[in-house]
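Trainee: Could you take a close look at one part of this model with me? I would like to follow a single side chain and its surroundings.

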Amino acid sequence: MDERSQMHQSVITGAFENGFMGLEVPEQYSGPGTSFFDSILVIEELAKVDPSVSVFVDVQNTLVAPLIIQLGTEEQKQKYLPRVCHEWVGAFCLSEAGSGSDAFGMKTVAKPDGDDYLISGTKLWITNAGHASFFLVFANADPSKGYKGITCFLVDRNQEGVSVERKEDKLGIRASSTCPVHFERVRVPKSAILGEYGKGYKYAIECLNAG
């Protein structure tokens, strides 16, 4: 898979069928309800065989699912968590061209528009983007507040204005999809906010420190 820079669909399907893609999701949302420690054991064992597959499973279990479990409304949990376990890959959209190590200098904005927000910007080096059905997008809803305007939004891939661009030709872990994701005035309702408005910076730090 690394030679071709492509993960086989059978591997992706197998990760879902074997219950590797939503390990901490509670049983009430069709998950196994295991622990963070169990997730790490699975990720480490997969890494012994193929680091690309390990990274694929890692992002789903340590970045995507935990934020929805911890912060999601009941409606968001009902929509996303069963799918996270059985069919949907998620991606964590934080880094940008000018804000890699300084992620909170991001330029992606979420401009208020009536009861909605219009998200515009480009995220880079997004793991699992090529396979993702939805994204956790960090965007600044009020740049005048600096990093305290950063808010996390749930954005489905099929929404108008979302485009996943050409994958990176990497030196290693090549079967893992790493792509830019562009958002061109993507309209999302206020109900797409994950957690609290303006707390995205806090959620990102806590999640990355853990995962």
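Mentor: Lys123 touches Cys93, Leu94, Ser95, Glu96, Met106, Thr108, Val137, Phe138, Cys179, Pro180, Val181 and Phe183, leaving aside residues up to four places away in sequence; contact here means heavy atoms within 4.5 Å. Residues are numbered from 1 along each chain as its sequence is written. The model is predicted, so local features need pLDDT of at least 70 and side-chain atom pairs count only at pLDDT 80 or more, while totals for chains, interfaces and linings use all residues, and side-chain values use heavy atoms, with hydrogens and water left out.

Lys123 sits in strand β3, residues 116–127 (strands are DSSP runs of E, at least two residues, numbered from the N terminus). Lys123 counts as buried because its relative accessibility is 0%; buried means under 20% relative accessible area, exposed over 50%, and partly exposed in between, with a 1.4 Å probe and protein chains only.

Now for the polar partners of this side chain. The Lys123 side chain makes a polar contact with the side chain of Glu96 at 2.8 Å, and also reaches the backbone oxygen of Leu94 at 3.1 Å. A polar contact is a pair of N or O atoms within 3.5 Å; within protein, one must be able to donate a hydrogen and the other to accept it, and residues adjacent in sequence count only if both atoms are side-chain atoms. Both Leu94 and Glu96 are also in the list of residues that Lys123 touches.

How values were computed:
Helices (H or I, at least four residues) and strands (E, at least two) are DSSP runs, numbered from the N terminus.
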